[in-house]
Amino acid sequence: MSSTDQNEPFSPENGSEKLHEMTHIRGMFDSWWLDYASYVILDRAVPAIYDGLKPVQRRIIHSMKEMDDGRYHKVANIIGQTMQFHPHGDQSITAALVNLGQKDLLIDCQGNWGDPRTGDSAAAARYIEARLSKFALEVLFNADITDWQLSYDGRKKEPIFFPVKFPLVLAQGVEGIAVGLSTKILPHNFCELINASIHILEGKEPVIFPDFPTGGLIDVTNYNDGKKGGKLRIRAKIEELDKKTLVIREIPYGKTTASLIDSIVKANDKGKIKIKRVIDNTAKDVEIVVELAPGVSPDVTIDALFAFTECEISESPNACVIAEEKPAFLGVTEILKFNTAHTVNLLKLELENTLRELQEKWHFSSLEKIFIEKRIYRDIEECTTWESVLETIDRGLDPYKKLFRREITREDILKLTEIKIKRISKYDSYKADEELKSLEDEIRQVQHHLAHLIGYSIDYYRNILKKYGAGRERKTEIRTFDTIAARQVVIANQKLYVNREDGFVGYGLKKDEYICDCSDMDDIIVFLKNGTMQVTRIEDKKFVGKDIIHVDVWKKNDERRIYNIVYLDGETGFAFAKRFAVTAITRDREYPVTKGTKDSRILYFTSNPNGESEIVNVNLSQGCRAKIKVFDYDFGDLSIKGRQSMGNILTRWPVKKIIRKSVGPSSFGARKVWYDAVVGRLNLDGRGKWIGNYNTNDSILVIYKDGSYELTSHEVTNRYEPEQVLIIRKFHAETIISCVYYEGAQENYFVKRFQIETQTQDKRFSFIGDDKKSKLIAVTVVSEPQISLTYEKGKSKEQITEELGLADLMDVKGWKALGNRLSQFPVISVRMLSPADDLAEPAEPDASAETGESAGPEAENPDEKDQIGLFE
């Protein structure tokens, strides 16, 4: 449109024309938008299910194949070559090429290609080199069964799809955003994919899960076969170097060491965790050292790192591929089954091509043999025309045509006329017969493969695994994660203050009364003198009501914290006593803990973290007519009920004062603790193995596979490595540990029995010595352990098996003692004789749970079944 047209005002005369132009543009948009969306989906962002490649990746691989001479090529040259096929500029090609190279499957790289773990980018294209890997050359290419199309400018041909005989899209993974849809297929393990394909061919159902080059841990509980709606939890691998230091060895997929460290620093700045410093020692392997602040628990810090930093992330897969020229949302198992069937079909096409080539070779070799040995070439000496030459050769072959597997064509005869005199003169009949025999053997072999195509395909996969599977073992460990509540692991980064008279609470009231340490994520519970309570989120300063009698951090579902109160009912004037817990509440809503009548108020209040009972001394008003004006009241006789309960009448007379006389035992007794070996955590919910009832000062005994033991608290925040734990149970000082171990320095087997003498918690002590070759063979904590010992005796090396009682071989000594030699003969095997299965929780674990008394080892472990044998 000209400048004159642009400045022309709207008028009835020209308005119709302009409206027509606007309608025309909108119509173009409607029709072109679908074309654009289809183009982006099909030709840019989403990989094809047939070869697992996006178009730009396919064009890069095709260009590298055209350039392939076995040597490395400058990446800049590869980019230039690819631009003949890809019309979207060098930057998109460079990014795609570097991405392919970093996957370490199809491209053999040389130079600085960057590091996806650290986020370092690759060097400039003119400095780095690449060539196709041997795997790519074997699996991707076969021009005879490849369909071709013209490039974007019509000058060259490019493959529509490569005949890939491998589930490439699952091995490499892919991510892309198109118009109206996206795809995210996570990478899977090379060896596991091949084995899964073999299982499919064997009629078994495959099971595959992602595997990342960065390692780490994954929870695949909600993976949903890689479909939309699934979720994958990924964690860094964190080791506890000592009580002051954590080391991150592997990081979550898609994150870098720099971004991970930044997230840790930010969490520390926000007060979510408390650390001294973070050091990045990453070189060949990832190593991020996290030094803890004094007094900080490493177990709680590990949980906090998972809760507040990139040490734990979630990935939502959405497997989408191009199939039959349209996007298809499939599960990874469906994709694998399709790729496996596609591979079988490609192998069949290759065998059929090979068979045709062999048959053609046999056909012409047989023609040549007859043509030369029967001297048919001499019959054409008298021919004067070309046609007569061809007819003469054809007549000469007539007696032998029935020997051939197909009809002899004019083209066959023409090829015979091209045989040179030199070849005829030096023709070796014996050698020709051997070649024909070899061809016939090859034809029979190919025909056998075609007749047993599934077996041939399985052998193909096994050969690929054998040739290229070394070093491609699973790097990401599959585990089941526990759910970490952020409020339980966040550090106390604030202090709670209260102004009781004015009714304010918060962490900004630094001049008022200090209550406790807390975090900025905590909820607080407030009780007022008028008999109301509420739970609210902590803030800098918040008004909750005047005459505050109690404020504290509130934990949801805490059934062991019991509130003991005495309140005056404003309607009757009676004093009521009640005990209750506050486990669930609506935030910022006032609740009455009295009967709710006018002028009711709280006379006595205590908060008891472990449900302790108490005895109080009640003083009545001197002016009342009660005969007994001073008496004791035991809250232990009062049942624990809900917050809304009325309570029991304490007295009908006016109360002067109530004072605490003594604190009684917990109403709940020792708490039951279970150990969940799947996640390596303690819990109070009955998951896993019951390991006893615990009072405040009780400890847990843990015995590890490396021959060490440790005493720990029974806090549910404790973490254990489940694959290292042999025995975990309640610790009793009288417990005797019996073990058989191999002593590395003396190169012999020893038996020892000892009691725990150390009192230090959260420190491991080795009871098999410090020699690196020492190893624990068998261990138990039962009172009369029995083993089965097999050894060789005499020159005949007769194998003898005996059952021995360890108590007969060794007295109880110190945990540092060497012990007694197990046998004077060479030991073949040691097996602990277990009387029953694993320890099971009794229906009523402990009668002392009602009284708060701690049970002894016999009461807690009636079957004494924690017996472990490691060496067979």
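Visitor: Where is K402 placed?
Guide: K402 lies in the loop between helices α12 (386-397) and α13 (410-417), where helices are DSSP runs of H or I with at least four residues, strands are runs of E with at least two, and both are numbered from the N terminus. This is a predicted model, in which local features need pLDDT of at least 70 and side-chain atom pairs count only at pLDDT 80 or more, while totals for chains, interfaces and linings use all residues. Residues are numbered from 1 along each chain as its sequence is written, and side-chain values use heavy atoms, with hydrogens and water left out.

Visitor: Is K402 buried or exposed?
Guide: K402 counts as exposed because its relative accessibility is 74%; buried means under 20% relative accessible area, exposed means over 50%, and partly exposed is in between, using a 1.4 Å probe and protein chains only.

Visitor: And what about T333, buried or exposed?
Guide: T333, which is found in helix α11, is buried, with a relative accessible area of 12%. Leaving aside residues up to four places away in sequence, T333 touches E205, P206 and D225, where contact means heavy atoms within 4.5 Å.

Visitor: How many residues does α11 have?
Guide: Helix α11 covers residues 332-373, which is 42 residues, and reaches 60 Å from its first C-alpha to its last, close to the 62 Å expected at 1.5 Å a residue; that expected span is 1.5 Å times one less than the number of residues.

Visitor: At what angle do α11 and α16 pack?
Guide: Helices α11 and α16 (residues 453-468) pack at about 105°, with their axes 10 Å apart. Axes here are lines fitted to C-alpha atoms, for helices over the stretch in contact, and angles run from 0 to 180 degrees between N-to-C directions. That makes α11 roughly perpendicular to α16, since angles of 65 to 115 degrees count that way, while those under 35 are roughly parallel, those over 145 roughly antiparallel and the rest oblique.

Visitor: Which residues make the contact?
Guide: Among them are N339, T340 and L347 of α11, together with L453, Y456 and Y460 of α16.

Visitor: Changing topic, how many residues of α8 are buried?
Guide: In α8, 9 of the 12 residues are buried, so this helix is largely enclosed by the rest of the structure. The buried residues include F190, C191 and L193, and what covers the buried residues of α8 includes α6 (134-139), α7 (168-172), α11 and α16.
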